[in-house]
Amino acid sequence: MLSPFDIIAMKEITLRILDMECAACVARLDRALLKLHGIDKAAVNYASASAFICFDETALELEDIAACVKKAGFRV
């Protein structure tokens with residue numbers, strides 16, 4: 001368990017997401033990303049076909065996030 005004094009290396013990225021077709025796609029990807037250990041925030045936007053993600057880069061790598069997006073049925 002982390003204490004309030006632990007330093008976490010948080011990184012913010014915006015990814016272009018391909019193959020989203022509706023609002024349900026946004027909800028599905030949002031849920032998938034938030035289940036991934038190390039993601040603090042995820043905001044998927046249908047209109048801009050993107051996902052803003054804030055994650056702990058000591059717990060996750062970009063390849064892990066890309067694999068999660070692919071597993072949810074989308075392309076980065």
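## How the two helices pass

A crossing of helices is called left-handed if the near helix is turned anticlockwise from the far one by less than a right angle, and right-handed if clockwise. In this predicted model, helix 1 passes helix 2 in a right-handed crossing. Helices here are DSSP runs (H or I, at least four residues), strands likewise (E, at least two), numbered from the N terminus.

The axes of helix 1 (residues 23-35) and helix 2 (residues 62-71) come within 9 Å and cross at roughly 140°; axes are lines fitted to C-alpha atoms over the stretch in contact, with angles running from 0 to 180 degrees between N-to-C directions. Leu-29, Ala-32 and Leu-33 of helix 1 meet Ile-65, Cys-68 and Val-69 of helix 2, where contact means heavy atoms within 4.5 Å.

## A look at Ser-50

Ser-50 belongs to strand 3 (residues 50-56). Ser-50 is buried, with a relative accessible area of 14%; buried means under 20%, exposed over 50% and partly exposed in between, using a 1.4 Å probe and protein chains only.

Leaving aside residues up to four places away in sequence, Ser-50 touches several residues, including Arg-16, Ile-17 and Val-44.

## Reading the numbers

Residues are numbered from 1 along each chain as its sequence is written. Local features need pLDDT of at least 70, side-chain atom pairs count only at pLDDT 80 or more, totals for chains, interfaces and linings use all residues, and side-chain values use heavy atoms, with hydrogens and water left out.
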